[in-house]
Amino acid sequence: MPPARDATCTYATDWVTAKLRWKLTTDPTEARALRTIAAGCPDATVTFTPAPSPH
């Protein structure tokens, strides 16, 4: 996590956006940590565009 507390929500939403865009997996520990962080970011929104298919 970034050292600046006011960057936490931006960092977390960027992280989740990348995971969703590229269909990356999340292990239970990471998912739990992201849910905990998200609980402190009530105004955060995650929007993403799926990555293009390789075909």
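Is C9 buried, partly exposed or exposed? C9 counts as partly exposed, at 27% relative accessibility, where buried means under 20% relative accessible area, exposed over 50% and partly exposed in between, with a 1.4 Å probe and protein chains only. The model is predicted: local features need pLDDT of at least 70, side-chain atom pairs count only at pLDDT 80 or more, and totals for chains, interfaces and linings use all residues. Residues are numbered from 1 along each chain as its sequence is written, and side-chain values use heavy atoms, with hydrogens and water left out.

**Overall architecture**

- The chain has two helices and zero strands; these are DSSP runs numbered from the N terminus, helices being H or I of at least four residues and strands E of at least two.
- Along the principal axes, the C-alpha atoms of the chain fill a box of roughly 40 × 20 × 20 Å.
- Of the 55 residues of the chain, 15% count as buried.
- The accessible surface of the chain is about 4,500 Å², and 60% of this belongs to carbon and sulfur atoms; the areas come from the Shrake-Rupley method with a 1.4 Å probe, and for residues only the protein chains shown count as cover.
- Among contacts (heavy atoms within 4.5 Å) between residues at least 6 apart in sequence, 65% join residues at least 24 apart.

**Helix α1**

- Helix α1 comprises residues 8-21, 14 residues in total, and reaches 20 Å from its first C-alpha to its last, close to the 20 Å expected at 1.5 Å a residue; the expected span is 1.5 Å times one less than the number of residues.
- The residues T8, A12, T13 and K19 are buried in α1.
- These residues lie on the same side of α1, because they cover an arc of only 125° around the axis, the arc being that of the directions from the helix axis to the C-beta atoms.
- The cover of the buried residues of α1 includes α2 (28-39).
- T8 has a relative accessible area of 18%, and its side chain reaches the backbone oxygen of R5 at 3.1 Å.
- Leaving aside residues up to four places away in sequence, T8 touches M1, P2 and I37.
- Just after α1, K23 takes a positive phi of about 55°.

**Helix α2**

- The twelve residues of α2 should span 16 Å at 1.5 Å a residue, and the end C-alpha atoms are 17 Å apart, which agrees.
- E30, L34 and I37 are buried in α2.
- Seen down the axis of α2, its buried residues fall within an arc of 60°, so they line one face of the helix.
- The face turned away from the buried side of α2 carries the exposed residues P28, T29, R35, T36 and A39.
- What covers the buried residues of α2 includes α1.
- D27 caps the N-terminal end of α2, with a side-chain oxygen 3.1 Å from the backbone nitrogen of T29.

- The structure holds one disulfide, defined as a pair of cysteine sulfur atoms within 2.5 Å.
- This disulfide joins C9 to C41, with an S to S distance of 2.0 Å.
- C9 lies in helix α1 and C41 in the segment after α2, so the pair ties together parts that are 32 residues apart in sequence.
- The torsion about the S-S bond of C9 and C41 is about -90°, so the disulfide is left-handed.
- C41 is buried, with a relative accessible area of 9%.
- T45 is found in the segment after α2 and is exposed, with a relative accessible area of 60%.
- T45 and T10 are 35 residues apart in sequence and 9.5 Å apart in space, C-alpha to C-alpha.

Notes: Polar contact = N/O pair within 3.5 Å; in protein donor to acceptor, adjacent residues only side chain to side chain.
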